[in-house]
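Below are some numbered notes to read alongside the picture.

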Amino acid sequence: TGTSTYAVFVKENRGTVENCHVVNSTVSAPSGWAGGFAYNNYGGTIKNCSFSGSVTSGNNAGGIAASATSGAQFIQCRNDGDIIGKTTSASSGNYAGGILAQETNGVTISDCYNTGDITGYYAGGIVASRYSNVTTTVTNCHSYGATLTGTTTYPIANESITNCYYLADSETDSVSGTTAKTSNEFSDGTA
């Protein structure tokens, strides 16, 4: 538990972290930003890493990271934890995402998966940040079974999206690049 920024594995990732898994962990930052794995993926690569448990934050909260900067990559990451961020409107710090809460320009998220419930003013199955001037690429990602609660919700993200799927029973989405799939389609490998 921390008050400013908190994560289980690393505060700022500036290199490459692979094959690490945080299991049944509780991360809490009542007045700060919290990530299940890292506070900030600072232009680094997080690959084949996962989080399960819960992340609770008074600001931004992410299953893998609370924030990411230009050049950061999330590859084959998975969140199975419940993510709870700030639920009231503010100029910043009110994003909650299954993989990532908030990012700057030039972040890549590929082949990632979320099953956790997400709660925040802005809530995203994969990423929540909605800055119109940010270009983050989200490719081949799935959000299955996640309940999204917030003023503005995105089953995947509100970014540049390609070939991403979400559970049809939980949300409807008008963002290009996302496709609704049933639970049977997820089970039989169609998604």
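Is Cys 49 buried or exposed? Because its relative accessibility is 1%, Cys 49 counts as buried; buried means under 20% relative accessible area, exposed over 50%, and partly exposed in between, using a 1.4 Å probe and protein chains only.

1. A word on the model before going further. This is a predicted model, in which local features need pLDDT of at least 70 and side-chain atom pairs count only at pLDDT 80 or more, while totals for chains, interfaces and linings use all residues. Residues are numbered from 1 along each chain as its sequence is written, and side-chain values use heavy atoms, with hydrogens and water left out.

2. Let us stay with the cysteines. The structure holds zero disulfides, a disulfide being a pair of cysteine sulfur atoms within 2.5 Å. Cys 49 is in no disulfide, and the nearest cysteine sulfur, that of Cys 20, is 4.8 Å away.

3. You will find Ser 110 in strand β16 (residues 108-110); strands (E, at least two residues) and helices (H or I, at least four) are DSSP runs, numbered from the N terminus. With a relative accessible area of 15%, Ser 110 is buried. Leaving aside residues up to four places away in sequence, Ser 110 touches Phe 74, Ile 75, Gln 76, Thr 139 and Cys 141, where contact means heavy atoms within 4.5 Å. Ser 110 and Cys 164 are 54 residues apart along the chain, and their C-alpha atoms are separated by 9.5 Å.

4. Two backbone angles deserve a glance. Most residues other than glycine have a negative phi. Gln 76, one of the contacts of Ser 110, has a positive phi of about 55° although it is not a glycine. Gln 76 sits in the loop between β11 (73-75) and β12 (78-79) and is partly exposed, at 39% relative accessible area. Asn 19 also has a positive phi, near 55°. The loop between β3 (16-18) and β4 (21-29) holds Asn 19, which is partly exposed with a relative accessible area of 48%.

5. Now for a sheet. In what order do the strands of the open sheet of four come? The order is β2-β6-β10-β15, and the pairing is parallel; two strands pair if DSSP finds at least two bridges between them. β2 (10-13) and β15 (100-103) stand at the edges with a single partner strand each, so one side of each is left without a neighbour in the sheet. From one strand to the next, the twist averages 15°, with axes taken as lines fitted to C-alpha atoms and angles running from 0 to 180 degrees between N-to-C directions.

6. The bridges can be followed across that sheet. β2 pairs with strand β6 (residues 38-41) in the parallel sense over three bridges, and Glu 12 has Asn 40 as its bridge partner in β6. Three bridges also join β6 to β10; here the partner of Ala 38 is Ala 65 in β10. Strand β10 (residues 65-68) and β15 pair over three bridges as well, with Ser 67 facing its bridge partner Gln 102 in β15.

7. Aromatic rings come next. Rings of Phe, Tyr and Trp (its six-membered ring) pair if their centres lie within 6.5 Å; planes under 30 degrees apart count as stacked, over 60 as edge-to-face and the rest as tilted. The count comes to four aromatic pairs. Trp 33 and Tyr 39 form an edge-to-face pair, 6.1 Å centre to centre with 65° between the planes. Trp 33 is partly exposed at 22%, whereas Tyr 39 is buried at 15%. Tyr 144 and Phe 186 form a tilted pair, at 4.7 Å and 55°. Tyr 144 lies in the loop between β21 (142-143) and β22 (148-149) and Phe 186 in helix α1 (residues 183-187), so this pair ties together parts that are 42 residues apart in sequence. Ring pairs also link Tyr 95, Tyr 121 and Tyr 122 into a cluster.
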